[in-house]
Amino acid sequence: MAEFKNIVLNARLDGYIRAHAEPRLPAQAELEAKTTALGEVAEMQIPHEQGVLLTMLVRILQARTVVEIGTFTGYAALAMALGLPEGGKVITLDRSTEWLEIATQAWQDAGVERSIEFRLGLALDSLRAMPAKPEIDLVFIDADKTGYRDYWEEVVPRVRPGGLILADNVLYYGEVVADEAAENGRAIREFNVHVRADDRTESVMLPIADGLTIARKRA
């Protein structure tokens with residue numbers, strides 16, 4: 001038996017996968033269009049199928065308290081808010097309000113604005129200001145790559161047993177296996193080693209978008 005089974009994605013297969021995700025809400029389609037119009041920075045937005053996965057994970061976990069590190073134009077926060085139960089909250093952290101107007105309009109259009117709380121400031125400061133108790137159900141890390149390890153160390157003690165920590169861009173355009181990775185690629189590679197060695201969690205890395213790690217905090 002082969003040691004592994006995989007399919008190398010091409011554009012046709014990628015389109016097939018995307019076509020089989022849950023359809024976009026009008027607010028999501030509008031947000032994608034506005035983000036694309038921003039130009040090169042639009043690559044920071046997660047793809048829709050990843051958003052569908054985030055919604056589903058929040059629902060499966062029945063998460064009531066979600067923390068996002070890195071807001072950008074608000075697509076991931078919107079997706080996670082769609083999966084919340086009544087009274088649940090997404091707390092999204094960002095050091096900039098540059099794209100907040102786009103985000104808040106999308107949240108309003110989707111009817112989830114009351115379920116999302118934006119906190120301005122350095123993410124480490126915002127995390128350290130949170131109670132040092134294991135009360136968070138799910139964390140999504142998608143910010144500056146050199147900060148991932150520090151974010152991880154702040155959130156692991158604050159996530160409840162059985163809760164999830166998700167980290168985006170863990171393949172970083174393939175640089176994690178490059179002989180000469182740039183600063184961000186090296187930082188992500190070191191982060192991935194750190195996560196794999198952390199016995200407080202169990203984790204798996206998925207080849208969705210630019211790579212997504214899903215870690216579950218052990219009891």
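This briefing covers helix packing and pockets in one predicted model. Because the model is predicted, local features need pLDDT of at least 70 and side-chain atom pairs count only at pLDDT 80 or more, while totals for chains, interfaces and linings use all residues. Residues are numbered from 1 along each chain as its sequence is written, and side-chain values use heavy atoms, with hydrogens and water left out. Helices (H or I, at least four residues) and strands (E, at least two) are DSSP runs numbered from the N terminus.

**Helix packing**

- Two packed helices are described by the angle between their axes and the distance between the axes. Axes are lines fitted to C-alpha atoms, for helices over the stretch in contact, and angles run from 0 to 180 degrees between N-to-C directions.
- Helix α3 (residues 48-61) packs on helix α4 (residues 75-82) at about 35 degrees, and their axes are 7 Å apart.
- On the α3 side the contact (heavy atoms within 4.5 Å) is made by H48, G51, L54, T55, V58 and R59, and on the α4 side by Y75, A76, A79, M80 and L82.
- The contact of α3 with α4 has 7 nonpolar, 3 polar and 1 charged residues; Ala, Val, Leu, Ile, Met, Phe, Trp, Tyr, Cys and Pro count as nonpolar, Asp, Glu, Lys and Arg as charged, and the others, Gly among them, as polar.
- Helix α2 (residues 26-36) also packs with α4, at an angle of about 170 degrees and with the axes 11 Å apart.
- α2 and α4 are therefore roughly antiparallel (angles over 145 degrees; under 35 count as roughly parallel, 65 to 115 as roughly perpendicular and the rest as oblique).
- In this pair, Q28, L31 and E32 of α2 meet Y75, L78 and L82 of α4, and the contact has 4 nonpolar, 1 polar and 1 charged residues.
- Helix α7 (residues 148-155) and helix α8 (residues 183-197) pack at about 30 degrees, with axes 9 Å apart, which makes α7 roughly parallel to α8.
- Y148, R149, W152 and E153 of α7 meet I188, F191, H194 and V195 of α8; by class these are 5 nonpolar, 1 polar and 2 charged.

**Pockets**

- A pocket is an open set of points on a 1 Å grid over the protein atoms alone, where a 1.4 Å probe fits, with protein on both sides within 12 Å along at least five of seven lines; lining residues have an atom within 4 Å of a point.
- The largest pocket holds about 860 Å³ of space, and of its 37 lining residues the closest to the centre are M44, D142, A143, D144 and K145.
- Its lining divides into 17 nonpolar, 9 polar and 11 charged residues.
- β1 (65-69), α4, β2 (89-94) and α6 (123-128) each supply at least two residues of that lining, with the largest share, 3 residues, coming from α6.
- The second largest pocket holds about 400 Å³, and L9, D14, P207, I208 and A209 are the closest to its centre among 13 lining residues.
- α1 (11-19) and α3 give two or more residues to the lining of the second largest pocket, which has 10 nonpolar, no polar and 3 charged residues.

Methods: Points joined across faces, edges and corners; volume = space filled by probe spheres on them.
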